[in-house]
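Please look over the structure below before reading the notes. The briefing covers the sheet, the helices on it, a helix pair and a cavity.

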Amino acid sequence: MSIQPSVQDALSVADVAPSATASLMQRHRVAQTQIIESMKREGPIAVLKGPDSFELGRIISSLVTELDDRTTVVRLQQPHESALEALREITRTIGFAPKDLTLSDLQHVLTLFLQHQGKHRQRTVLFVERADEQSMWLLDFVAKLVRLAESSQLGRSLFIVLSGGRRLTDVLQNTAFDVIRQKAGRTIELAPLSKLETRDLLCQISASTGSGDIEDIFAFDAVERLHGLGGGVPSLVARLFRECMAIVKKQGLQTVTPK
């Protein structure tokens, strides 16, 4: 069962009361602002971490809409088995057919493209999403890109955003990725939702689906129980809400109980 539509609807409904959306939207704005501030600094990379890959994807999607037309956006949204596979996708996105080019050839194409952008004050922003699930070969390639971006020949034509789950910090402890940690600085981190934020999200989902007032459809302590089961992960909270409402409807109940 896909959970994405419910979460997306909940996070984009414009007519929900401000009190129900403020805390969740604020955490997204803060993360976006921190990434933008990193882009303005000299460093070529930022690390974004959170418990929910779908929420991180929503933050990145919103950020992409704010980038100007002098910025080329490349998003590696799914895990890649190798740097070669990822680089083929990157070169396709920037407008070159990878065909049967080797990894070295593709790296050369990307370097020339970035050099051209640097001369014309343009930029590529590379988002490597679910980075904690990517192959070590790809992350090693990202480390090489960071070193390359530090060279004068590229200027500030490349900025990289690594995003992923809780494991990302441990993955980046590998000594091969020292340059990523050093140049990224402090990780931009989203904590799991608090109980209040879980209630806010449930209010949004309930309003967007016409399910009614949370106070009416959830019995005492049911929201707290759902929060505990979902671990404060927005997509899991949304999925549990949908499943609860399906059970209520199927069994002809009036409210969602902690049980």
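Which strands does helix H3 lie across, and at what angle does H3 run to S2? In this predicted model, helix H3 (residues 53–66) lies across strand S1 (45–49), S2, S3 and strand S4 (158–164). H3 runs at about 165 degrees to S2.

**Sheet**
- The open sheet has 5 strands in the order S2-S3-S4-S1-S5, with parallel pairing.
- Strand S2 (71–76) and strand S5 (188–189) are the edge strands, each pairing on one side only.
- S2 pairs with strand S3 (residues 123–128) in the parallel sense, over 6 bridges.
- Arg-75 has Phe-127 in S3 as its bridge partner.

**A further helix on the sheet**
- Helix H4 (residues 83–93) lies across S2 and S3 and runs at about 150 degrees to S2.

**Helix pair H9 and H11**
- The axes of helix H9 (residues 195–209) and helix H11 (residues 222–230) come within 10 Å and cross at roughly 105 degrees.
- Angles of 65 to 115 degrees count as roughly perpendicular, so H9 and H11 are roughly perpendicular to each other.
- H9 contributes Lys-195, Thr-198, Arg-199 and Leu-202 to the contact, and H11 contributes Val-223, Glu-224, Leu-226 and His-227.
- By class, the residues of this contact of H9 with H11 are 3 nonpolar, 2 polar and 3 charged.

**Cavity**
- The count is 1 cavity of 30 Å³ or more, and the largest cavity holds about 30 Å³ of space.
- The largest cavity is lined by Val-74, Ile-90, Ile-94, Leu-110, Thr-124, Leu-126, Leu-145 and Leu-158.
- This lining divides into 7 nonpolar residues, 1 polar and no charged.

Methods
Residues numbered from 1 in each chain as written. Predicted model: local features only at pLDDT ≥ 70, side-chain atom pairs only at ≥ 80, totals over all residues. Heavy atoms only, no water. Axes fitted to C-alpha atoms, helices over the stretch in contact; angles between N-to-C directions. Helix = DSSP H or I, 4+ residues; strand = E, 2+ residues; numbered from the N terminus. Parallel < 35°, antiparallel > 145°, perpendicular 65-115°, else oblique. Contact = heavy atoms within 4.5 Å. Nonpolar A, V, L, I, M, F, W, Y, C, P; charged D, E, K, R; others polar. 1 Å grid on protein atoms, 1.4 Å probe; cavity = no way out; pocket = protein on both sides within 12 Å on 5 of 7 lines; lining within 4 Å. Points joined across faces, edges and corners; volume = space filled by probe spheres on them. Pairing = 2+ DSSP bridges.
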